[in-house]
Amino acid sequence: MQKAEARPRQHDHFGGAARGRGAERAAGVPVGPMEIPAGLMLEPSLYTVKAIFILDSFGQRLLAKYYDDTFPSMKEQKSFERNVFNKTHKTDSEIAFLEGLTIVYKSSIDLFFYVVGSPHENELMLMSVLTCLFESLNHMLRKNVEKRTLVENMDGVFLVVDEIVDGGVILESDAQQVIQKLNFRVDDSSLSEHSVTQAVFSKLILMA
């Protein structure tokens, strides 16, 4: 496996809270749940992630974005995803260390969400990305985060991921900011049937 180039970190919002877990970093061993301080927000920084992917309840890929050449081929990526799924889908933990990487994950009905970082990356930072992703999708999909609705709104899902991480660099960890940027409504009322589609096209026009 090729080691990704280390990048400088400008902001250390977490101090040593996520460090000192070396004894638990045996390959493939899930670690207990982690708590993120209330109101935690990341400023723009060079904190990075290696990959984000979403699998169904059978371990099949629904969405995947890799940000470096740790797994350069599709075959290597899917092999890694199968390995991660096999190690995590029956556990109640939120973090695992596998193949020299730090992985945080969350399940919802028939979906599994994963954020992958280097072995030296801050675990709380990775968890904040995962939480932002899930909360953004939970709002976009009207609290119905399951395979069918996710697949039906895949264009919006990709836009959410791109608002949170760009080229591996974390841009946003606040779900409400992501929602506002994509023109989703942030109140408690239901989204109209066409609001997600309208948000997608609006975002594409702005990006053109």
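The legends below describe several close-up views of a predicted model.

Residue numbers start from 1 along each chain as its sequence is written, and side-chain values rest on heavy atoms, with hydrogens and water left out. Because this is a predicted model, local features need pLDDT of at least 70 and side-chain atom pairs count only at pLDDT 80 or more, while totals for chains, interfaces and linings use all residues.

**Figure 1**
Helices (H or I, at least four residues) and strands (E, at least two) are DSSP runs, numbered from the N terminus. Read from the N terminus, the order is β-β-β-α-β-β-β-α-α-α-β-β-α-α. The protein has 208 residues, and 48% of them count as buried. Buried means under 20% relative accessible area, exposed means over 50%, and partly exposed lies in between (1.4 Å probe, protein chains only). The protein exposes about 10700 Å², with 50% of that supplied by carbon and sulfur atoms. Accessible areas come from the Shrake-Rupley method with a 1.4 Å probe; for residues, only the protein chains shown count as cover. Contact means heavy atoms within 4.5 Å. Among contacts between residues at least 6 apart in sequence, 63% join residues at least 24 apart.

**Figure 2. Helix 2 and helix 4 pack against each other.**
Helix 2 spans residues 123-140. Its axis lies 10 Å from that of helix 4, and the packing angle is about 145 degrees. Axes are lines fitted to C-alpha atoms, for helices over the stretch in contact, and angles run from 0 to 180 degrees between N-to-C directions. The crossing is right-handed. A crossing is left-handed if the near helix is turned anticlockwise from the far one by less than a right angle, and right-handed if clockwise. Helix 2 brings Val129, Cys132, Leu133, Ser136, Leu137 and Met140 to the contact. Helix 4 brings Gly156, Val157, Val160, Val161 and Ile164. By class, the contact has nine nonpolar, two polar and no charged residues. Here Ala, Val, Leu, Ile, Met, Phe, Trp, Tyr, Cys and Pro count as nonpolar, Asp, Glu, Lys and Arg as charged, and the others, Gly among them, as polar.

**Figure 3. Helix 4 is largely enclosed by the rest of the structure.**
Eight of its 11 residues are buried. They are Met154, Gly156, Val157, Leu159, Val160, Val161, Glu163 and Ile164. Asp162, also in helix 4, is partly exposed at 34% relative accessibility.

**Figure 4. Asp162 and Lys65 form a salt bridge.**
A salt bridge is a side-chain nitrogen of Lys or Arg within 4 Å of a carboxyl oxygen of Asp or Glu. In this pair, the N to O distance is 2.6 Å. The bridge links distant parts of the chain, with its partners 97 residues apart. Asp162 sits in helix 4 (residues 154-164), and Lys65 in strand 3 (residues 61-66). Lys65 is partly exposed, at 22%. The whole structure holds seven salt bridges.

**Figure 5. Glu146, Arg148 and Glu152 are linked in a salt-bridge network.**
Arg148 and Glu152 meet at 3.3 Å, N to O. They are separated by about one helical turn, because they stand four residues apart in helix 3 (residues 147-152). An α-helix has 3.6 residues a turn, so residues three or four places apart point the same way. Arg148 is partly exposed at 48%, whereas Glu152 is exposed at 54%.

**Figure 6. Glu172 and Lys181 form a salt bridge.**
Their closest N and O atoms are 3.4 Å apart. Glu172 is buried, at 9% relative accessible area. Lys181 is partly exposed, at 36%.

**Figure 7. Phe53 is buried at 0% relative accessibility.**
Phe53 belongs to strand 2 (residues 51-56). Leaving out residues up to four places away in sequence, Phe53 touches Leu63, Ala64, Tyr66, Phe80, Glu81, Val84, Phe112, Phe113, Tyr114 and Val116. Val161 lies 108 residues from Phe53 in sequence, yet their C-alpha atoms are 9.7 Å apart.

**Figure 8. Ser118 occupies the loop between strand 6 (111-117) and helix 2.**
Ser118 counts as buried, at 19% relative accessibility. Apart from residues up to four places away in sequence, Ser118 touches Lys50, Leu101 and Thr102. Ser118 and Ala51 are 67 residues apart in sequence, and 9.8 Å apart from C-alpha to C-alpha.
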